[in-house]
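The sequence and structure are shown first.

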Protein chains: 2
Amino acid sequence: MYIFGIDIGGTSVKIGMFEDTFDLLDQWEIPTHPENLFEEVADDIKAHLKKKEISFAQVFGYGIGIPGMVKSGIAISCVNLGWQNVDVKKEFSKALGYDARVYVFNDANIAAFGEASYLNSKWDSVIFITLGTGVGGGIIFHHEIVEGANGLGGEIGHICIDDTYHFTCGCGKTGCLETVASATGMIRLAQHYKDKLSSRLNFNSKLAAKDIIDAAKEEDPLASHVFDEACQALAKAMANLSVIINPDAFIIGGGVSNAGVFLLERIQKHYLNLCLEQAKHTKINLAVLKNNAGIYGACAYLINKKHEVENNGKC
Amino acid sequence: MYIFGIDIGGTSVKIGMFEDTFDLLDQWEIPTHPENLFEEVADDIKAHLKKKEISFAQVFGYGIGIPGMVKSGIAISCVNLGWQNVDVKKEFSKALGYDARVYVFNDANIAAFGEASYLNSKWDSVIFITLGTGVGGGIIFHHEIVEGANGLGGEIGHICIDDTYHFTCGCGKTGCLETVASATGMIRLAQHYKDKLSSRLNFNSKLAAKDIIDAAKEEDPLASHVFDEACQALAKAMANLSVIINPDAFIIGGGVSNAGVFLLERIQKHYLNLCLEQAKHTKINLAVLKNNAGIYGACAYLINKKHEVENNGKC
């Protein structure tokens, strides 16, 4: 049977058509028009199915990731798309024109599911951390997504970790992990230290996190300090997560994770310093699916649901 | 059918005999002799069953809480009993003399399950926090215990929260929640402030957390400050947990929770200041089962397992 993974972004919708063996058959993108989104995605999928001569009966279901808070199939809030309390499950089924099996997820949560399933499907609990403009995340426990009572599960960018700078976060609080450990957090730290430490960084042009990381690789004093502090803040949050969830693995994704082994080793160093003895062997991996994590996650989740349906059907 | 809840403590073993309707029929205690524990508990239960003319076939199973780290039925470490990697499930079955259904839990985790089941069995995720000599905890998600990859799940006393005092914790790290928010943490804070704030507390006699809380109720300057800081540290950890797990409810137990509404209101005040808007309605409750939480939790867990067995048996 076939499974569709749909990852709705602010500018485009990524669609993946999978076999229920976790094999990606085809993938494409269409532009995001929030006002007409469900119809456009549904029409596009229907056209693809028609072209390939596949009927709805051959489609097990659809998994949809959206950039906002989700609870039980409802998009509680989704600023990028201007949505509030949108029943995505119902609207998308209506657009498809049949009572389809539709699951809806927060985009970081379903990316977590994708990366975890792809790296090691035997892991029971995994924490996925995305280092981008902000710090996002997703927590998987017993092969389920920790969505949370109000859709706040896995919003680890808002763990209060910094008692030094008290930078104000976009959420209105101070000291959130993402104020120091995200791409913008690194830039904020660099601005904070620019008169205190020497550097070859050019603060007159638009500074990017990549500039800081590249300079840190070359041992630029300011950049090295900033990079190290960002990694330490993240490691502190991870050490805390290791006495809360105590996951089998952490997976680090998002744009900053392109720094690769340089990033991973620095996080690992601080984590080993900060965690309890029993958590020292927790795996820390770099994400591998990157921009495809959402569609793979949706597929993996629906494969699990298919197994459940099959197991419930037989004695 | 009958279910036994067994809560192993350092000095005594609490045993509860339940009906599978969550009704406690009988409860009693026997002294803890670590070297011969399984035989003594098994013999005691067998004697009770014989007296009541109940056969093993009428017993659904046994749930055992132990004061140490547990993973998949194995007591990884249990300092109070001198155990390391003890296969509790196997040993207890052997002592009973038949292939019994035995589940093994960390004591705080199964107490969490008991309090959560008793207060509201519909809650999907609950975080239980015990404020005693240390700060313990248990996390329930989707009606399962978050045991963690290394048995560290729910060890929230070791969340690093304090960047002010850097008190050293029993775990060897500094800044753990329990260094300030436990009963001993409050005493430590009082010692720290005793020359800075006036107080009627007598530091020459053995100071107890209850003395501090009682004095705080009467607005003693030192005691009020200490009590407030301890509650704030706990609330900070809870605000962090609300963006990680985002539970339906927090439950506060342990000896310090005898301070009742005075404690609850202070925690609530700080929590509302520190949490995100979406998490403001998370319930904060006082524990109700107290010392019986472990045996009730074991019963509730086995009732769930019984339902699973029954549901798997029919199509």
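## Chain arrangement

The copies meet through the same surface, because 100% of the interface residues of chain B are also interface residues in chain A. The model is predicted.

Chain B is superposed on chain A by a rotation of 180° with 0.0 Å of shift along its axis, and the RMSD is 0.0 Å. This is therefore the relation of a two-fold axis. Two copies of a chain are related, in general, by a rotation about an axis and a shift along it.

Rolling a probe the size of a water molecule over the atoms shows where empty space is left. The count here is 4 cavities of 30 Å³ or more. The largest cavity holds about 40 Å³ of space.

Which residues line the largest cavity? The lining consists of Ile6(A), Ile8(A), Leu37(A), Phe38(A), Val41(A), Ile64(A) and Phe92(A). By class, this lining has 7 nonpolar residues, with no polar and no charged ones. Strand 1 (2–8) and helix 1 (37–51) of chain A each supply at least two residues of the lining. Helix 1 of chain A gives the most, with 3 residues.

## Helices 6 and 7 in chain A

In chain A, helix 6 (residues 209–217) and helix 7 (residues 221–242) have axes that come within 8 Å and cross at roughly 110°. Angles of 65 to 115 degrees count as roughly perpendicular, so helix 6 of chain A and helix 7 of chain A are roughly perpendicular to each other.

From helix 6 of chain A, the contact is made by Ile212(A), Ile213(A), Ala215(A) and Ala216(A). Helix 7 of chain A contributes Ala223(A), Ser224(A), Val226(A) and Phe227(A). The residues of this contact divide into 7 nonpolar and 1 polar, with no charged residue.

## Helices 6 and 7 in chain B

At what angle do helix 6 and helix 7 of chain B pack? Helix 6 (residues 209–217) of chain B packs against helix 7 (residues 221–242) of chain B at about 110°, with the axes 8 Å apart. That angle makes helix 6 of chain B roughly perpendicular to helix 7 of chain B.

On the helix 6 side of chain B, the contact is made by Ile212(B), Ile213(B), Ala215(B) and Ala216(B). On the helix 7 side of chain B, the residues are Ala223(B), Ser224(B), Val226(B) and Phe227(B). This contact in chain B has 7 nonpolar residues, 1 polar residue and no charged residues.

Technical notes
Residues numbered from 1 in each chain as written. Chains lettered and ligands numbered in written order. Predicted model: local features only at pLDDT ≥ 70, side-chain atom pairs only at ≥ 80, totals over all residues. Heavy atoms only, no water. Axes fitted to C-alpha atoms, helices over the stretch in contact; angles between N-to-C directions. Helix = DSSP H or I, 4+ residues; strand = E, 2+ residues; numbered from the N terminus. Parallel < 35°, antiparallel > 145°, perpendicular 65-115°, else oblique. Contact = heavy atoms within 4.5 Å. Nonpolar A, V, L, I, M, F, W, Y, C, P; charged D, E, K, R; others polar. Least-squares fit on C-alpha atoms with pLDDT ≥ 70 in both. 1 Å grid on protein atoms, 1.4 Å probe; cavity = no way out; pocket = protein on both sides within 12 Å on 5 of 7 lines; lining within 4 Å. Points joined across faces, edges and corners; volume = space filled by probe spheres on them.
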